[in-house]
Amino acid sequence: MKRSQNRPKDVRLPITRDLLSKIYNVLPAVCHNDFETKLFQASFSLAFFGFLRVGELTADHKHASTQSHAIEYNDIKINLSSIEIRLRSSKTDQCCTGTTIVIDVRPGDVCAVFALRNYLKVRPNVAGQLFCHFDGTPVTRYQFSGVLKKSLNVLGLSQGKYSSHSFRIGAATSAAMNGLSDSEIQAMGSPITIWIVGSSLVKNAFVQARRRPGGINLGLDHIGVRLWWLGKSGMRLKDLLNRIKLMLRYEEPPNYLVIHIGGNDLGEIKTGVLRNRLKHYVNNITELLLNTTLVWSQILPRLTWRYSANIDAMDRSRQRINSSLASYIIRHGGHYIRYPDISPNSTFICQDGVHLTDIGNYIFINTIQGALEAFLVYSPHTFPECKS
(Lines give C-alpha, C1' and ligand atoms only; values in the text may rest on other atoms or scores of the structure.)
Protein backbone atom coordinates (compact mmCIF):
# COMPACT_ATOMS: atom_id res chain seq x y z
CA MET A 1 0.00 0.00 0.00
CA LYS A 2 1.71 3.14 -1.15
CA ARG A 3 -0.84 5.87 -0.41
CA SER A 4 -4.46 6.36 0.44
CA GLN A 5 -6.68 7.98 -2.15
CA ASN A 6 -7.75 10.89 0.06
CA ARG A 7 -4.39 12.34 1.01
CA PRO A 8 -2.01 14.56 -0.96
CA LYS A 9 0.40 12.83 -3.29
CA ASP A 10 4.14 13.03 -2.92
CA VAL A 11 5.00 15.61 -5.58
CA ARG A 12 8.77 15.44 -5.45
CA LEU A 13 10.24 15.52 -8.94
CA PRO A 14 13.41 13.72 -10.06
CA ILE A 15 16.70 15.52 -10.52
CA THR A 16 17.70 14.12 -13.90
CA ARG A 17 21.20 14.12 -15.32
CA ASP A 18 20.32 17.16 -17.47
CA LEU A 19 19.06 19.06 -14.43
CA LEU A 20 22.14 18.02 -12.46
CA SER A 21 24.26 19.53 -15.23
CA LYS A 22 22.34 22.82 -14.94
CA ILE A 23 22.78 22.81 -11.16
CA TYR A 24 26.51 22.28 -11.70
CA ASN A 25 26.64 25.38 -13.88
CA VAL A 26 24.88 27.67 -11.38
CA LEU A 27 26.75 26.51 -8.27
CA PRO A 28 29.55 29.10 -8.78
CA ALA A 29 26.88 31.80 -8.49
CA VAL A 30 25.27 30.18 -5.44
CA CYS A 31 28.34 29.22 -3.41
CA HIS A 32 30.60 31.69 -1.58
CA ASN A 33 33.87 30.53 -3.13
CA ASP A 34 35.53 28.00 -5.40
CA PHE A 35 36.04 25.53 -2.53
CA GLU A 36 32.32 25.45 -1.72
CA THR A 37 31.52 25.06 -5.42
CA LYS A 38 33.71 21.97 -5.71
CA LEU A 39 32.36 20.64 -2.43
CA PHE A 40 28.74 20.70 -3.55
CA GLN A 41 29.46 19.61 -7.10
CA ALA A 42 31.08 16.50 -5.65
CA SER A 43 28.39 15.82 -3.04
CA PHE A 44 25.52 16.36 -5.50
CA SER A 45 27.14 14.11 -8.10
CA LEU A 46 27.73 11.33 -5.56
CA ALA A 47 24.11 11.60 -4.43
CA PHE A 48 22.99 11.06 -8.03
CA PHE A 49 25.44 8.52 -9.44
CA GLY A 50 25.73 6.60 -6.17
CA PHE A 51 21.97 6.46 -5.44
CA LEU A 52 22.94 7.80 -2.00
CA ARG A 53 20.72 9.18 0.73
CA VAL A 54 21.43 12.58 2.20
CA GLY A 55 22.14 10.89 5.56
CA GLU A 56 25.00 8.99 3.92
CA LEU A 57 26.58 12.24 2.74
CA THR A 58 25.92 14.71 5.54
CA ALA A 59 25.66 15.09 9.30
CA ASP A 60 22.48 16.01 11.15
CA HIS A 61 24.32 18.99 12.62
CA LYS A 62 27.84 20.40 12.51
CA HIS A 63 28.81 18.81 15.83
CA ALA A 64 27.79 15.31 14.67
CA SER A 65 28.81 12.35 16.78
CA THR A 66 30.92 9.44 15.65
CA GLN A 67 27.67 7.45 15.25
CA SER A 68 26.85 9.35 12.04
CA HIS A 69 26.15 7.23 8.96
CA ALA A 70 27.91 9.75 6.72
CA ILE A 71 30.75 8.57 4.46
CA GLU A 72 34.19 9.41 5.85
CA TYR A 73 37.39 10.34 4.06
CA ASN A 74 38.91 6.91 4.71
CA ASP A 75 35.87 5.21 3.13
CA ILE A 76 36.86 6.43 -0.35
CA LYS A 77 39.20 4.69 -2.77
CA ILE A 78 39.89 6.40 -6.09
CA ASN A 79 40.97 4.24 -9.00
CA LEU A 80 41.99 5.25 -12.50
CA SER A 81 38.48 4.96 -13.93
CA SER A 82 36.24 4.58 -10.89
CA ILE A 83 35.73 5.28 -7.21
CA GLU A 84 34.87 2.78 -4.49
CA ILE A 85 32.76 3.96 -1.57
CA ARG A 86 32.53 1.95 1.60
CA LEU A 87 29.24 2.45 3.44
CA ARG A 88 30.46 1.37 6.88
CA SER A 89 27.20 1.71 8.76
CA SER A 90 24.41 2.38 6.35
CA LYS A 91 21.04 3.36 7.79
CA THR A 92 19.74 0.24 6.09
CA ASP A 93 22.32 -2.13 7.61
CA GLN A 94 20.95 -3.65 10.82
CA CYS A 95 24.11 -5.55 11.71
CA CYS A 96 26.49 -2.79 10.55
CA THR A 97 28.31 -5.14 8.18
CA GLY A 98 28.61 -2.41 5.59
CA THR A 99 28.63 -2.51 1.81
CA THR A 100 30.76 -1.15 -1.03
CA ILE A 101 29.49 0.63 -4.12
CA VAL A 102 31.49 1.44 -7.24
CA ILE A 103 30.92 4.48 -9.47
CA ASP A 104 32.60 4.51 -12.88
CA VAL A 105 33.84 7.46 -14.92
CA ARG A 106 31.01 8.80 -17.07
CA PRO A 107 31.30 10.79 -20.31
CA GLY A 108 29.88 14.30 -20.40
CA ASP A 109 30.17 17.41 -18.29
CA VAL A 110 28.95 15.77 -15.08
CA CYS A 111 31.06 12.94 -13.65
CA ALA A 112 31.18 11.91 -9.99
CA VAL A 113 34.74 10.58 -10.30
CA PHE A 114 36.13 13.82 -11.73
CA ALA A 115 34.07 15.97 -9.33
CA LEU A 116 35.34 14.04 -6.32
CA ARG A 117 38.94 14.27 -7.52
CA ASN A 118 38.60 18.04 -7.89
CA TYR A 119 37.13 18.34 -4.40
CA LEU A 120 39.79 16.16 -2.76
CA LYS A 121 42.53 18.40 -4.19
CA VAL A 122 41.27 21.27 -2.04
CA ARG A 123 39.76 19.38 0.90
CA PRO A 124 41.46 20.14 4.24
CA ASN A 125 43.68 17.38 5.60
CA VAL A 126 41.38 16.33 8.42
CA ALA A 127 39.92 13.00 9.44
CA GLY A 128 36.21 12.35 9.64
CA GLN A 129 33.33 13.08 7.31
CA LEU A 130 34.23 13.15 3.62
CA PHE A 131 32.28 16.31 2.85
CA CYS A 132 33.41 19.11 5.12
CA HIS A 133 33.93 22.84 4.94
CA PHE A 134 37.35 24.48 4.66
CA ASP A 135 37.52 24.76 8.48
CA GLY A 136 36.90 21.00 8.80
CA THR A 137 33.33 21.17 10.09
CA PRO A 138 31.03 18.61 8.43
CA VAL A 139 28.46 19.55 5.83
CA THR A 140 25.01 19.17 7.38
CA ARG A 141 21.74 17.98 5.94
CA TYR A 142 20.37 21.52 6.28
CA GLN A 143 23.27 23.02 4.33
CA PHE A 144 23.04 20.37 1.60
CA SER A 145 19.32 21.06 1.12
CA GLY A 146 19.83 24.83 1.38
CA VAL A 147 22.38 24.97 -1.45
CA LEU A 148 20.15 22.73 -3.56
CA LYS A 149 17.16 25.04 -3.02
CA LYS A 150 19.21 28.13 -3.89
CA SER A 151 20.40 26.47 -7.09
CA LEU A 152 16.86 25.57 -8.09
CA ASN A 153 15.74 29.11 -7.36
CA VAL A 154 18.43 30.51 -9.68
CA LEU A 155 17.18 28.14 -12.38
CA GLY A 156 13.62 29.37 -11.88
CA LEU A 157 12.34 26.01 -10.62
CA SER A 158 9.92 25.40 -7.76
CA GLN A 159 11.83 24.51 -4.60
CA GLY A 160 8.80 22.74 -3.16
CA LYS A 161 8.80 20.10 -5.91
CA TYR A 162 12.34 18.91 -5.23
CA SER A 163 14.21 17.60 -2.21
CA SER A 164 17.49 15.88 -1.43
CA HIS A 165 15.74 12.58 -2.24
CA SER A 166 15.18 13.85 -5.81
CA PHE A 167 18.74 12.78 -6.65
CA ARG A 168 17.86 9.14 -5.94
CA ILE A 169 14.56 9.43 -7.79
CA GLY A 170 16.35 10.94 -10.78
CA ALA A 171 19.07 8.31 -10.77
CA ALA A 172 16.48 5.52 -10.75
CA THR A 173 14.51 7.24 -13.52
CA SER A 174 17.61 7.61 -15.68
CA ALA A 175 18.57 3.98 -15.09
CA ALA A 176 15.08 2.82 -16.12
CA MET A 177 15.25 4.94 -19.29
CA ASN A 178 18.53 3.21 -20.11
CA GLY A 179 16.81 -0.17 -20.02
CA LEU A 180 17.75 -1.46 -16.57
CA SER A 181 15.24 -3.72 -14.86
CA ASP A 182 13.72 -2.91 -11.46
CA SER A 183 15.92 -5.50 -9.73
CA GLU A 184 19.05 -4.11 -11.42
CA ILE A 185 18.14 -0.59 -10.36
CA GLN A 186 17.47 -1.72 -6.78
CA ALA A 187 20.89 -3.39 -6.67
CA MET A 188 22.65 -0.16 -7.63
CA GLY A 189 23.87 2.36 -5.09
CA SER A 190 22.61 2.22 -1.54
CA PRO A 191 20.23 -0.66 -0.72
CA ILE A 192 16.48 -0.89 -0.89
CA THR A 193 15.20 -1.15 2.67
CA ILE A 194 12.51 -3.41 4.07
CA TRP A 195 11.23 -3.31 7.64
CA ILE A 196 9.51 -6.38 9.07
CA VAL A 197 7.56 -5.39 12.17
CA GLY A 198 5.63 -7.68 14.47
CA SER A 199 5.51 -9.82 17.59
CA SER A 200 7.83 -12.50 18.91
CA LEU A 201 7.35 -14.51 15.69
CA VAL A 202 9.33 -11.79 13.91
CA LYS A 203 11.82 -11.61 16.76
CA ASN A 204 12.42 -15.36 16.66
CA ALA A 205 12.70 -15.32 12.87
CA PHE A 206 15.44 -12.71 13.14
CA VAL A 207 17.39 -14.90 15.58
CA GLN A 208 17.16 -17.90 13.26
CA ALA A 209 17.95 -15.82 10.16
CA ARG A 210 21.24 -14.74 11.70
CA ARG A 211 22.33 -18.40 11.73
CA ARG A 212 21.32 -19.10 8.14
CA PRO A 213 23.73 -18.86 5.16
CA GLY A 214 21.76 -15.93 3.72
CA GLY A 215 21.95 -14.04 7.02
CA ILE A 216 19.45 -11.45 8.16
CA ASN A 217 19.02 -10.20 4.59
CA LEU A 218 17.79 -13.70 3.64
CA GLY A 219 20.21 -13.94 0.74
CA LEU A 220 18.57 -10.98 -1.03
CA ASP A 221 21.77 -8.93 -1.13
CA HIS A 222 22.11 -9.73 -4.83
CA ILE A 223 19.11 -7.52 -5.59
CA GLY A 224 20.23 -4.76 -3.22
CA VAL A 225 18.00 -5.55 -0.24
CA ARG A 226 18.66 -4.70 3.41
CA LEU A 227 16.22 -5.99 6.02
CA TRP A 228 15.39 -4.59 9.44
CA TRP A 229 13.63 -7.03 11.80
CA LEU A 230 11.53 -5.11 14.33
CA GLY A 231 10.17 -7.90 16.50
CA LYS A 232 8.87 -7.34 20.02
CA SER A 233 7.53 -10.05 22.31
CA GLY A 234 3.81 -9.63 22.96
CA MET A 235 3.44 -6.80 20.44
CA ARG A 236 -0.13 -5.69 19.96
CA LEU A 237 -1.82 -3.29 17.59
CA LYS A 238 -1.49 -0.36 20.00
CA ASP A 239 2.30 -0.78 19.92
CA LEU A 240 2.62 -0.67 16.13
CA LEU A 241 2.70 3.07 15.44
CA ASN A 242 5.05 3.84 18.32
CA ARG A 243 7.44 1.16 17.06
CA ILE A 244 7.50 2.73 13.61
CA LYS A 245 7.81 6.28 14.93
CA LEU A 246 10.76 5.23 17.09
CA MET A 247 12.53 3.85 14.02
CA LEU A 248 11.84 7.04 12.08
CA ARG A 249 13.83 9.00 14.66
CA TYR A 250 16.98 7.25 13.48
CA GLU A 251 16.24 5.84 10.03
CA GLU A 252 14.81 7.08 6.78
CA PRO A 253 11.46 5.56 5.75
CA PRO A 254 11.75 2.08 4.21
CA ASN A 255 10.84 1.13 0.68
CA TYR A 256 8.66 -1.71 2.01
CA LEU A 257 7.02 -2.33 5.38
CA VAL A 258 5.92 -5.89 6.22
CA ILE A 259 3.28 -5.86 8.97
CA HIS A 260 2.80 -9.04 11.03
CA ILE A 261 0.38 -7.97 13.73
CA GLY A 262 -3.05 -8.80 15.15
CA GLY A 263 -2.61 -12.29 16.55
CA ASN A 264 -2.25 -10.98 20.10
CA ASP A 265 -5.36 -8.79 19.71
CA LEU A 266 -7.69 -11.34 18.17
CA GLY A 267 -10.62 -12.20 20.44
CA GLU A 268 -10.29 -9.27 22.83
CA ILE A 269 -12.81 -7.25 20.84
CA LYS A 270 -15.30 -8.11 18.11
CA THR A 271 -13.78 -9.09 14.79
CA GLY A 272 -15.42 -6.20 12.94
CA VAL A 273 -14.08 -3.66 15.42
CA LEU A 274 -10.56 -5.09 15.20
CA ARG A 275 -10.75 -5.07 11.41
CA ASN A 276 -11.70 -1.39 11.38
CA ARG A 277 -8.97 -0.51 13.88
CA LEU A 278 -6.39 -2.30 11.75
CA LYS A 279 -7.47 -0.35 8.67
CA HIS A 280 -7.32 2.87 10.67
CA TYR A 281 -3.76 2.07 11.75
CA VAL A 282 -2.82 1.21 8.17
CA ASN A 283 -4.07 4.63 7.07
CA ASN A 284 -2.05 6.30 9.82
CA ILE A 285 1.06 4.43 8.69
CA THR A 286 0.62 5.64 5.12
CA GLU A 287 0.56 9.20 6.44
CA LEU A 288 3.95 8.59 8.06
CA LEU A 289 5.48 6.64 5.18
CA LEU A 290 4.50 8.43 1.97
CA ASN A 291 6.54 6.33 -0.43
CA THR A 292 6.52 3.01 1.40
CA THR A 293 4.78 -0.05 -0.03
CA LEU A 294 2.87 -1.93 2.68
CA VAL A 295 2.74 -5.72 2.91
CA TRP A 296 0.24 -7.61 5.05
CA SER A 297 1.78 -10.74 6.56
CA GLN A 298 -0.92 -13.29 7.28
CA ILE A 299 -1.84 -13.88 10.93
CA LEU A 300 -0.83 -17.49 11.54
CA PRO A 301 -3.06 -20.21 13.01
CA ARG A 302 -2.61 -21.16 16.67
CA LEU A 303 -3.40 -24.04 18.95
CA THR A 304 -4.09 -21.69 21.86
CA TRP A 305 -5.55 -18.17 21.77
CA ARG A 306 -5.19 -15.55 24.47
CA TYR A 307 -8.83 -14.47 24.73
CA SER A 308 -10.85 -17.55 23.82
CA ALA A 309 -10.78 -21.31 24.21
CA ASN A 310 -12.96 -21.76 21.09
CA ILE A 311 -10.19 -22.52 18.58
CA ASP A 312 -12.54 -22.96 15.61
CA ALA A 313 -14.27 -19.62 16.19
CA MET A 314 -10.92 -17.86 16.60
CA ASP A 315 -9.61 -19.37 13.40
CA ARG A 316 -12.65 -18.14 11.50
CA SER A 317 -12.02 -14.65 12.90
CA ARG A 318 -8.37 -14.92 11.92
CA GLN A 319 -9.31 -15.81 8.35
CA ARG A 320 -11.77 -12.91 8.11
CA ILE A 321 -9.17 -10.43 9.37
CA ASN A 322 -6.56 -11.72 6.94
CA SER A 323 -8.94 -11.62 4.00
CA SER A 324 -10.15 -8.10 4.78
CA LEU A 325 -6.73 -6.55 5.44
CA ALA A 326 -5.11 -8.29 2.49
CA SER A 327 -7.82 -7.02 0.12
CA TYR A 328 -7.61 -3.52 1.58
CA ILE A 329 -3.82 -3.25 1.25
CA ILE A 330 -3.71 -4.83 -2.22
CA ARG A 331 -6.44 -2.46 -3.40
CA HIS A 332 -4.15 0.42 -2.41
CA GLY A 333 -1.05 -0.89 -4.16
CA GLY A 334 0.40 -3.21 -1.52
CA HIS A 335 1.01 -6.95 -1.21
CA TYR A 336 0.00 -9.98 0.84
CA ILE A 337 2.11 -12.86 2.18
CA ARG A 338 0.34 -16.18 2.81
CA TYR A 339 1.68 -19.19 4.73
CA PRO A 340 -0.35 -22.12 3.38
CA ASP A 341 2.26 -24.68 4.49
CA ILE A 342 1.96 -23.81 8.18
CA SER A 343 -0.88 -25.81 9.71
CA PRO A 344 -2.18 -25.73 13.32
CA ASN A 345 -0.45 -28.87 14.58
CA SER A 346 2.59 -29.84 16.63
CA THR A 347 4.80 -30.16 13.56
CA PHE A 348 4.75 -26.40 13.03
CA ILE A 349 3.60 -24.93 16.36
CA CYS A 350 5.27 -25.33 19.76
CA GLN A 351 3.66 -26.77 22.87
CA ASP A 352 2.71 -23.26 24.02
CA GLY A 353 0.28 -23.22 21.08
CA VAL A 354 1.56 -19.91 19.73
CA HIS A 355 5.21 -19.90 18.70
CA LEU A 356 6.68 -21.78 15.79
CA THR A 357 8.83 -24.91 15.94
CA ASP A 358 12.12 -24.99 14.06
CA ILE A 359 10.30 -26.43 11.05
CA GLY A 360 7.56 -23.81 11.28
CA ASN A 361 10.09 -21.03 11.63
CA TYR A 362 12.03 -22.37 8.65
CA ILE A 363 8.90 -22.26 6.47
CA PHE A 364 7.96 -18.82 7.83
CA ILE A 365 11.35 -17.35 6.90
CA ASN A 366 11.52 -19.09 3.53
CA THR A 367 8.08 -17.79 2.60
CA ILE A 368 9.03 -14.22 3.53
CA GLN A 369 12.22 -14.56 1.50
CA GLY A 370 10.35 -15.82 -1.57
CA ALA A 371 7.66 -13.18 -1.20
CA LEU A 372 10.06 -10.25 -0.98
CA GLU A 373 12.04 -11.39 -3.99
CA ALA A 374 8.84 -11.87 -5.98
CA PHE A 375 7.46 -8.44 -5.00
CA LEU A 376 10.71 -6.77 -6.09
CA VAL A 377 11.20 -8.69 -9.35
CA TYR A 378 7.75 -9.24 -10.88
CA SER A 379 5.39 -7.68 -8.31
CA PRO A 380 2.52 -10.15 -7.80
CA HIS A 381 -0.26 -9.01 -5.47
CA THR A 382 0.00 -12.15 -3.34
CA PHE A 383 2.72 -14.66 -2.53
CA PRO A 384 2.40 -17.53 -2.95
CA GLU A 385 -0.19 -16.77 -5.60
CA CYS A 386 -3.59 -18.30 -5.00
CA LYS A 387 -4.45 -21.25 -7.20
CA SER A 388 -7.54 -20.66 -9.31
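The model is predicted, so local features need pLDDT of at least 70 and side-chain atom pairs count only at pLDDT 80 or more, while totals for chains, interfaces and linings use all residues. Residues are numbered from 1 along each chain as its sequence is written, and side-chain values use heavy atoms, with hydrogens and water left out.

## A pair of helices

Helices (H or I, at least four residues) and strands (E, at least two) are DSSP runs, numbered from the N terminus. Two packed helices are described by the angle between their axes and the distance between the axes. Helix α1 (residues 17-30) packs against helix α2 (residues 34-49) at about 170°, and their axes lie 9 Å apart. Here the axes are lines fitted to C-alpha atoms, for helices over the stretch in contact, and angles run from 0 to 180 degrees between N-to-C directions. The two helices, α1 and α2, are therefore roughly antiparallel to each other. That word covers angles over 145 degrees; under 35 counts as roughly parallel, 65 to 115 as roughly perpendicular and the rest as oblique.

Which residues of α1 and α2 make the contact? From α1 come Arg17, Leu20, Ile23, Tyr24, Leu27 and Pro28, and from α2 come Thr37, Phe40, Gln41, Phe44, Ser45, Phe48 and Phe49. Contact means heavy atoms within 4.5 Å. The residues of this contact of α1 with α2 divide into nine nonpolar, three polar and one charged. In this scheme Ala, Val, Leu, Ile, Met, Phe, Trp, Tyr, Cys and Pro count as nonpolar, Asp, Glu, Lys and Arg as charged, and the others, Gly among them, as polar.

Cys31 sits in the loop between α1 and α2. Cys31 is buried, at 11% relative accessibility; buried means under 20% relative accessible area, exposed over 50%, and partly exposed in between (1.4 Å probe, protein chains only). Cys31 and Val147 are 116 residues apart in sequence, yet 7.6 Å apart in space, C-alpha to C-alpha. Not counting residues up to four places away in sequence, Cys31 touches Glu36, Thr37, Phe40 and Val147.

## Salt bridges

A search of the whole structure finds six salt bridges. A salt bridge is a side-chain nitrogen of Lys or Arg within 4 Å of a carboxyl oxygen of Asp or Glu.

| Pair | N to O distance |
|---|---|
| Glu252 and Arg53 | 3.3 Å |
| Lys238 and Asp239 | 3.4 Å |
| Arg318 and Asp315 | 2.8 Å |

In the second pair, Lys238 is exposed, with a relative accessible area of 53%, whereas Asp239 is buried, with 16%.

Arg318 and Asp315 both lie in helix α10 (residues 311-331), three residues apart, about one turn of the helix. Arg318 is buried, with a relative accessible area of 9%. Elsewhere, salt bridges that share partners join Arg236, Asp265 and Glu268 into one network.

Helix α11 (residues 358-377) has 20 residues and reaches 29 Å from its first C-alpha to its last, close to the 28 Å expected at 1.5 Å a residue. The expected span is 1.5 Å times one less than the number of residues. Buried residues of α11 include Phe364, Ile368, Leu372 and Phe375.

Most residues other than glycine have a negative phi, and most peptide bonds are trans. Just after α11, Ser379 takes a positive phi of about 55°. Phe51 also has a positive phi of about 55° although it is not a glycine; Phe51 lies in the loop between α2 and β1 and is buried at 7% relative accessibility. Leu218 has a positive phi of about 55° and lies in the loop between α7 (200-211) and β5 (225-231). Is Leu218 buried or exposed? Leu218 counts as buried, at 2% relative accessibility.

Finally, the peptide bond from Phe383 to Pro384 is cis, with omega near -15°. Pro384 lies in the segment after β9 (382-383).
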